[in-house]
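Please look over the model below before reading the points. The notes go from the whole chain to single residues.

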Amino acid sequence: MNDDAEQQPLTRIPPYARDQLAKAFVTALTHEDAGTRERAEDRARRWRGILDGLADGSLTVGSRTPVAGLPAWVTPEVVRGGFATGEASAGGPLQPYEKEAARRAGVPADRRALFVHALTEAGQAHLCALLDDGRYEVSVPEEAALLTVAWLVRSGQTTEAVELVEVLEPFAGRLRFTPRPSAAPAPDASAVHRRTVADAGRALARRRPHAAVETQREALTVWQPFADELLVHWLETAEGERVLARTPDEGWYERGAALLHRYRLLAAAHTRCGKHRDPKENLGILRGALEETVAGRPLDARRIGLLRHAVASMVRRRGVPGSARHLTLRGRQAAQGALPSHHALAQLVLRRLGELPQDMGAADVEPLVVAVTEREHQETGLPVGAPVPASVRGVVEATLSAPLGTLVERGVVPSAEVLAELVPQLVAATTAQAWPDEALRTLMAANYRAFRNRRSLLLLHLERQVRVEDLPWVRAVSGQRGDDAGQEGALAALRQLGELAVQGFPGTLLPNPLVRELGVLARQADLGAPMVEELAADIFMDTFSPKFLTAARIAGELLRGTLYERYYGIDYAHIRNLAIAEAGEALTRAYRPRTSPQFARLCTARAGASGRGTVAANGKVIEQAQILTTHNLATLVRQVGIVPEPGWEDLAGRCFRTVCRLVARVHHNPRPLATIKDAAYAWRQLIFFLALCTPAEQTRLLAGLDEETARHPAHVAARLAPALAGLQLVAAGGSFADDGTALGGRARRFLGWSTEKHWLRRLPTTREQAAG
């Protein structure tokens, strides 16, 4: 959930929880897949716990401390929608590694005994050894707590260590504070990976043979050759195309009986293809007639007619078995049937993965996806040189461990959302650079990676999500940070990530997980660069935190007097005055304001009042906030100093291509609103990048927009005509009316949200296009 969006009223929450429980319950009862039923049962258990907790008061929805008795720093178990279940992620039954640790230490298998042992001389020695060799994992942040205690003790900071123990001790019997051992040291901080080798292995292990492909393979390699044998057998009785024109001899009956016996064996062993059992198919006709004849029952005229027709059609279509035409066809089909299945090749790659460390990425994926080698042919029977299919390659390539820029270039990171998944690995290493001690640096990086797996809570009244610096073990070592080194590293990482996101995925809204990571780096770099998240329209309550107005002021410092300000009708001078006034008011208060009422009123006024309180009306207000702040683009350019390598003109052109692709999806789309919103996001970025272009670049790009629309279906140019007319009008010095239209409605400002039917949904008539 978002840090800054006040959430839906509490009275709407229990029905949502009940609906989720009902869905999980139905799935658990009715789904055909056993694994899906089991997962649904687990979801149902969690939702039952949530409803029980809401009923008895042990759960408080909307609070930073939703579980009674657990402080904010404890990682809660969170389900869809940001609901805490009442359990702690570091709680539950003892993990196998905890049981093994208790056995080796000679203490009872419970967490309090492990906690107490960790504070003994032997326990501290073990923890210090882990700190030095780095062979440990932190899956939830709590598992870093006792390692931090050990580091404090050996660094001579016993007071801080004792204070930390006092904070942890009340929960020692409930939460696991001990780290889990690892066979490998911490991963290379400069390299990130999308999936671990173990992740890829599990994905390949879940694959099953493709039923349709294997059915076709069975038909080609089993039933068609058998049909040829039956055909040859019946041709022994034929003269020309007249089957049974010759009287079969005794040997013919014996060979027929052998064929039927082999048929029964084949049918029992090969069950995918069922056409051979169809009495209307050629193979079924030949087999059925043979069974009757071998049993000594004469064939009636109808059966003889079917038999002769089947034989004639088979010979006519493929030639007589053994002829050149027939041999060529069957040879081609045999080669096709002999090709190894994707499932078999996936199993081979799974064997290759098994030879690598499982809990990290792969430094080189090429050896994992090469064609079948001679040695592997000897071991598996797969043909030498058989290539690994693209679907399997994709799974393996996601394990590539390399610098983030390399992953983007190679297509391993195909979207901003995937980029956001990987960023915590890099941010963990970057923020950890603030600690000069190597062991502490490794520990804090592992702690950060685990913390970023913490799911956000549903919060009310603009409460802030817990940050990594709120964890007591992080606070305990905060005095060890070397801020200068940390700031330099954070700024470098922030600039790198900003450039990667902007130049890698122009026309795409920066996803909230990525925005949050950029915000962490911005705070670490002490830039005064507020990063604002996308707010949810369905739970928006007309409030913004002060950082939105700050971000809008920064945007004004970059864009005042530009095409962007004119196109969206913004008065950035007024926004600057609002920011100054609000900052002055804040100085006179004894507390930091949690909202920016001035900014909220401005956005509401710009959005209009129609449909107030509906999701669409909320969306219009949020969209105005995104317009005024540029949704972090201006902050990245002005405060962070990103300079994307392709240049602003290239990025603007790519944004417009994204707009065209999205608008093309509106045609015949019964629910196009999400696509229209995405197109408006891309359009806004187009206007932003255009505003940063030189006049010559602007002219060149604007002149080529019609040429780009011509590459898409005709309806794209027709739908975008009002938006393009509006852009050209503003670029030439004109402006929109208060309702966002001009030229008698033929020119429109392109916005995504609307409380009425969006104009982009309606395809202009031929007459209207001609008039425009």
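1. Basis. This is a predicted model, in which local features need pLDDT of at least 70 and side-chain atom pairs count only at pLDDT 80 or more, while totals for chains, interfaces and linings use all residues. Residues are numbered from 1 along each chain as its sequence is written, and side-chain values use heavy atoms, with hydrogens and water left out.

2. Overall make-up. The chain has 34 helices and 6 strands; these are DSSP runs numbered from the N terminus, helices being H or I with at least four residues and strands E with at least two. The C-alpha trace spans about 115 × 90 × 55 Å along its principal axes.

3. Of 772 residues, 49% are buried (under 20% relative accessible area; exposed is over 50%, partly exposed in between; 1.4 Å probe, protein chains only). Taking contacts (heavy atoms within 4.5 Å) between residues at least 6 apart in sequence, 72% join residues at least 24 apart.

4. Helix H13. This helix, residues 324-338, has 15 residues and reaches 21 Å from first to last C-alpha, close to the 21 Å expected at 1.5 Å a residue (the expected span is 1.5 Å times one less than the number of residues). Which residues of H13 are buried? They are His326, Leu329, Arg330, Gln333 and Gly337. These lie on the same side of H13 because they cover an arc of only 90 degrees around the axis, the arc being that of the directions from the helix axis to the C-beta atoms. Ala324, Leu327, Arg332 and Ala338 are exposed on the other side of H13. The cover over the buried residues includes helix H9 (211-235) and helix H12 (301-318).

5. Ser596. This residue sits in the loop between helix H25 (572-588) and helix H26 (597-607). Ser596 counts as buried because its relative accessibility is 1%. Setting aside neighbours within four places in sequence, Ser596 contacts Phe544, Ser545, Pro546, Leu549 and Glu582.

6. Asp542 has phi near 65 degrees, a positive value in a residue other than glycine. Asp542 is in the loop between helix H22 (512-525) and helix H23 (546-559), and is partly exposed, with a relative accessible area of 28%. Thr630, also not a glycine, has a positive phi of about 60 degrees. Where is Thr630? The loop between helix H27 (615-629) and helix H28 (633-640) holds Thr630. At 3% relative accessibility, Thr630 is buried.
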